[in-house]
Amino acid sequence: MTDATDGPDERTRVDDRFHVFDTTLRDGAQREGINLTVADKLTIARHLDDFGVGFIEGGWPGANPRDTEFFQRAREEIDFRHAQLVAFGATRKPGVRAEDDPQVAALLDSGAPVITLVAKSHDRHVELALRTTLDENLAMVRDTVAHLCGHGRRVFVDCEHFFDGHRANPDYALEVVRTAYEAGADVVVLCDTNGGMLPPQVGATVREVIEATGARLGIHAQDDTGCAVANTLAAVDAGATHVQCTANGYGERVGNANLFPVVAALELKYDRRVLPPGALAEMTRISHAIAEVVNLTPSTHQPYVGVSAFAHKAGLHASAIKVDPDLYQHIDPERVGNTMRMLVSDMAGRASIELKGKELGVDLGGDRELIGRVVERVKERELAGYTYEAADASFELLLREEAEGRARRYYRIESWRAIAEDRPDGIHANEATVKLWAKGERIVATAEGNGPVDALDRALRVALERIYPQLAALKLTDYKVRILEGGRGTGSITRVLVSTSDESGEWSTVGVAENVIAASWQALDDAYAYGLRRAGVEPRE
Ligand SMILES: CC(=O)SCCNC(=O)CCNC(=O)[C@H](O)C(C)(C)COP(=O)(O)OP(=O)(O)OC[C@H]1O[C@@H](n2cnc3c(N)ncnc32)[C@H](O)[C@@H]1OP(=O)(O)O
Ligand SMILES: CC(=O)C(=O)O
């Protein structure tokens with residue numbers, strides 16, 4: 001069990017002259033759609049501690065039973081290696097002594113060694129939201145900070161609406177900073193609460209406040225102008241030494257400064273050691289793990305950690321990357337635990353195909369004619385509606401077919417048929433029949449399904465289960481249909497993408513036709529050919 005004086009192990013302590021402060025569990029949880037249980041919060045806290053942030057703001061003890069329980073369980077269940085736990089709350093109420101204010105007592109009761117107090121620094125907010133005088137607000141800040149420091153807690157003060165307040169009444173905003181600092185706050189955090197600031201304004205203000213007060217400053221930036229990360233870095237440039245961020249930028253309204261690009265910039269661009277050794281290379285994994293816990297799909301295009309962050313599509317880019325990946329990448333993706341990927345599409349050139357072949361383990365041996373043929377086929381098929389960047393497995397089959405000079409056939413289809421029936425008893429029935437040849441044998445199989453494509457899938461499995469028992473391990477996990485060319489009524493071109501998985505992974509295949517069932521059939525056919533091939537099965541047509 002940890003008490004207020006316990007800190008992390010000295011050997012792993014991150015440089016205290018610069019604070020990486022995470023507020024995913026407090027401000028991140030204020031995002032619409034996030035609803036964390038205590039168990040979720042404990043899991044996220046463990047991930048953040050593994051990543052090596054210096055401070056984890058766990059919530060507002062006393063505001064709701066969940067946050068109160070979180071602090072109790074975090075103290076009992078987590079042996080923090082790097083981070084200190086932080087409790088968040090407000091300054092005392094107007095006209096009440098800090099020692100008599102129950103919500104201030106709840107902060108002490110949380111047992112957290114560090115407390116962040118939110119304080120008003122904009123005169124209009126003091127008068128309209130707090131409904132008190134400017135002097136009483138200063139007294140609220142002074143008394144609450146002194147009270148908590150007197151109980152051995154380290155205190156940070158979040159000056160809410162600081163930048164707007166500083167524009168409206170600079171003298172008063174500066175007085176709040178001075179009051180907090182002189183009362184014993186370790187860091188005074190300037191908050192862009194409405195998120196309306198731009199980097200030059202943030203930089204100039206931080207400089208001015210340091211000059212006027214001498215206080216140690218932090219920055220808390222909301223992302224309403226899309227500038228939260230830039231504003232955070234502008235504040236650091238101007239002298240702030242404490243950054244408040246959230247994992248994946250989760251937070252109130254559009255979110256907060258995203259922890260991952262902020263720490264990556266500090267480590268890789270500013271050459272500042274803000275994480276323990278080796279932590280940055282875990283960043284992609286941690287970002288995705290936290291997204292899983294909050295039950296949001298990780299953003300594919302997030303800087304540094306998104307799956308598309310180092311995915312290259314344009315042929316010209318690929319041709320330079322073939323010589324040196326640095327030519328089209330700002331960092332080596334491995335430094336943040338991500339990987340480079342080549343995308344194949346109608347924007348590919350020979351270099352894209354060669355690099356993709358290497359990624360897939362297909363040696364094209366620099367054969368210009370063969371590579372040129374693959375480029376041509378990809379471009380023709382993409383024109384017809386196929387998309388290979390979303391269907392790696394269909395591309396790999398095409399590539400191997402060209403490289404090996406023949407398609408691997410596991411069976412030969414004689415015909416297939418799918419029937420959708422609306423019965424007089426109100427039941428919708430779907431039935432499919434496939435006739436095929438495998439291992440020199442003609443097989444006819446029929447099956448029912450919840451739709452015509454499901455019936456076809458089942459009929460194919462029934463037909464092949466004896467000859468290829470490995471098919472039993474393949475599962476269809478996703479099915480997407482897109483109409484590519486509208487306006488042609490039922491003759492519109494349809495693209496179907498199918499995802500299939502076995503015990504060791506997932507792959508995607510594509511089919512295109514005017515008829516949605518024919519497009520689905522192509523995608524299924526590729527899915528099974530790819531699945532059998534990766535299972536090492538020899539064709540027995
Ligand atoms: C900018 C930020 O994101 S700060 C974080 C905000 N987070 C949250 O609000 C989430 C948790 N909040 C809650 O659960 C509730 O709002 C509580 C428990 C904190 C307060 O609930 P209630 O007592 O019902 O009050 P309510 O939410 O209506 O209003 C907030 C009160 O705090 C006061 N207050 C606001 N800022 C401060 C401050 N810095 N110092 C002291 N009091 C403050 C308001 O004046 C208001 O007081 P009133 O009740 O006398 O009118
Ligand atoms: C404190 C805080 O969350 C804000 O000012 O935005």
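Arg381 lies over the face of Tyr386, at 4.1 Å from the ring centre, where a charge counts as sitting over a ring if NZ of Lys or CZ of Arg is within 6 Å of the ring centre and within 35 degrees of the ring normal. The charged end of Lys41 likewise sits over the ring of Phe70, 5.6 Å from its centre.

This is a predicted model, in which local features need pLDDT of at least 70 and side-chain atom pairs count only at pLDDT 80 or more, while totals for chains, interfaces and linings use all residues. Residues are numbered from 1 along each chain as its sequence is written, and side-chain values use heavy atoms, with hydrogens and water left out.

A search of the whole structure finds 12 aromatic pairs, a pair being rings of Phe, Tyr and Trp (its six-membered ring) with centres within 6.5 Å, called stacked if the planes are under 30 degrees apart, edge-to-face if over 60 and tilted for the rest. Two of these pairs are set out here.

| Pair | Centre to centre | Angle between planes | Class |
|---|---|---|---|
| Phe55 and Phe156 | 5.2 Å | 80 degrees | edge-to-face |
| Phe70 and Phe71 | 5.4 Å | 80 degrees | edge-to-face |

The pair of Phe55 and Phe156 links distant parts of the chain, since Phe55 belongs to strand E2 (residues 55–59) and Phe156 to strand E5 (residues 154–160), 101 residues apart; helices (H or I, at least four residues) and strands (E, at least two) are DSSP runs, numbered from the N terminus. Both Phe55 and Phe156 are buried, a word that stands for under 20% relative accessible area, with exposed meaning over 50% and partly exposed in between (1.4 Å probe, protein chains only). Ring pairs also join Phe21 to Phe55 and Phe156 in a cluster. Phe70 is buried with a relative accessible area of 0%, and for Phe71, also buried, the value is 0%.

Leaving aside neighbours within four places in sequence, Phe51 is in contact (heavy atoms within 4.5 Å) with residues including Leu259, Phe260, Val263 and Met283.

Technical notes: Chains are lettered from A and ligands numbered from 1 in the order in which they are written.
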